[in-house]
Structure formats: structure tokens, C-alpha cells
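Biologist: Could you take me through this structure? I would like to start with the inside and then look at a few residues.

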Amino acid sequence: MSLPITVFIAAKNEEKNLPRCLKSLEPAERTVVLDSQSTDATPQIAHEHGAEVVQFEYDGGYPKKRQWALDTLDIQSEWVFLLDADEVVPDALWAEIRNALSGGAADDAYLITKGFHFLGQKFVHGGFSHEAVLLFRRGCARFERLIDDPSGLDMEVHERKIVDGSVGAFDTPLIHEDFKGLEAYIERHNQYSTWEAHLRKAYLDGKTYGQESVEANLFGNTQERRRFLKKIAIQVPFEPLLWFLYHYVFRLGFLEGRPGLIASQIRRHYISHVRAKMYELRQSEK
């Protein structure tokens, strides 16, 4: 029996990742691929696996792709599940979801860990996996409304969910593994760093991330703690080095061998790029 869940998969040119994702979604009542004008076989693959395809054209501003889908599409199911094309839902997680939804006392939203896989390896150490609100009752969660994003990204990336109601958590992580290679991975992070540079500058200038955002709270849920720690980190000297040490040493990323070193270095470079772009933004104002 299918679960009353509509799955939204954000996609653009995801032919290498999408088949694995779609094959893991059989328990869901409905699957919709939110496509950004892919030029590869993404739409055909979606149709072959019984998923709907909705094309999204971004005009800038708010909302971006996922919030647009939540606001615009006809969602009949009680629950919504947000996934990326490079994520797979294992059977054990579906079992947890089924138990929670059929138990009669389900929370309004659920945190799910994005289990980090990198260079063909499942990471146990390094602290690269993180929780996010991905499953929620229809109408009970929405994305933060942050600054207008000049980076051109049409999809929410690091925006959190604001939940109206209780938040639970599942133990089994998603399998988060990208098969498009390091070039695509690094290219995406270059776009993300532009977005984050503008976001950080907006916060440092006005002490706000935007019109509506998750509150920073050291003693709150995962999203609130991450926001609190981020507000501290962006003002600390030598932040790129500290992130490298956090992942590689403190969180034992070195135990993952060469992939752990590479992942920690990429994280360091990402933060370096963010801070460099922030400097450029400030220089352009003079």
C-alpha cells in the first residue's frame, strides 16, 4: 500500500543520478520531478519511471523552485517529501516513515540525515552528513525568505524550513551520492559560494538574513543550532582553516583516507571563496 506522500525531486541535467533516486521511491503515492529545462535525458528518465515532470522557469526573487512547487502545484497527499536527484531513500528509512505516519501521533515535520557519500565511499567520519527538514505535512512548512539572490541559482540550497508544528527525526539516513564527478561538484559549490557571500554580507550589514528566517538558537533543533554556529563562524578569523580542522581532525575525517582529505580541502576552499567574494562586494561599494 502506497504512503500518502508526494515526492518533489529538484533536477537539472541529472540523467546520471536520477534513475537510482526514482527506483527508491516506489512506496510514495506520487513523484514529481521539478526540472529546470534539462538538456539531457532527465525528462525521459522521469517518465520511464512513472514520475510526472514539471518544468520550472526562474524569473528571479522569491520563491525559488521548491517553494514555487509548494505554492503552485495541486498537492492532494497529506505529506510532502523533498529530495535531490542524487539522493536515495533506503528501505529502512521507508519503514521508519511508514511506522511514524501510521502510528496516529505523527509529528508535523521530520528531520532526515543526508548521509554523505563521496568519491565512491560512504563517510562515517568527518561531519559532512547533516540533518534537514525533508518530510512534512502539507501546509506545515515553508522555506525561509532570505535576500534576493543575485547568483542566479533557481533552487533553494542552504535555506532552512520554517515549520508550524512539532518536529521529529528519523534514524536512518538518506544515501546522498553524486555520480556527476568532481568537476560538477566543484562548479556547484562555486555558485553556492556566490550566494553565501551575498547572504553573509547582508547579515553583517543589517543583522538579518532576510524577511523570514529560522531563528538562531544554540539549544534549539538542528536547524536552529546550525544557524547559531554559522553566525559565530562568519566573524571568526581564519575561518577556512578552522573548517578544515573541524572536518579533518576534530570530526576524524582523516580516518576516511584520501577522500576525507579531499572533502575537507574542498570545504576549506569553499569558505575561502565565500570570504574572498565578500571582500570583493565590499570593495565594489567604495
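This is a predicted model: local features need pLDDT of at least 70, side-chain atom pairs count only at pLDDT 80 or more; totals for chains, interfaces and linings use all residues.

Biologist: Which residues touch the most other members in the largest nonpolar core?

Modeller: I5, I9, F81, I97 and L135, out of 32 residues in that core. A nonpolar core is a set of buried Ala, Val, Leu, Ile, Met, Phe, Trp, Tyr and Cys residues joined through side-chain atoms within 4.5 Å. Buried means under 20% relative accessible area, exposed over 50%, and partly exposed in between (1.4 Å probe, protein chains only).

Biologist: Which elements give two or more residues to this core?

Modeller: Among them are strand 1 (3–11), strand 4 (79–84), helix 4 (91–102) and strand 8 (130–137). Helices (H or I, at least four residues) and strands (E, at least two) are DSSP runs, numbered from the N terminus.

Biologist: And what is F81 in contact with?

Modeller: Leaving out neighbours within four places in sequence, its contacts (heavy atoms within 4.5 Å) include I5, F8, W94, I97 and L135. F8 also belongs to a second, separate core of 17 residues, along with L34, L73 and A141 among others.

Biologist: New topic. Is E14 buried or exposed?

Modeller: E14 is buried, because its relative accessible area is 11%. E14 sits in the loop between strand 1 and helix 1.

Biologist: Which side chain does E14 join in a polar contact?

Modeller: That of N17, at 2.8 Å. A polar contact is a pair of N or O atoms within 3.5 Å; within protein, one must be able to donate a hydrogen and the other to accept it, and residues adjacent in sequence count only if both atoms are side-chain atoms.

Biologist: Where is W68 found?

Modeller: In helix 3 (residues 65–72). W68 is partly exposed, with a relative accessible area of 23%.

Biologist: Last one: which residues of helix 7 are buried?

Modeller: E239, P240, W243, F244 and H247. They fall within an arc of 145 degrees seen down the helix axis, so they line one face of helix 7. The arc is that of the directions from the helix axis to the C-beta atoms.

Biologist: What do they pack against?

Modeller: Helix 5 (182–206), helix 6 (222–233) and helix 8 (258–284).

How values were computed: Residues are numbered from 1 along each chain as its sequence is written. Side-chain values use heavy atoms; hydrogens and water are left out.
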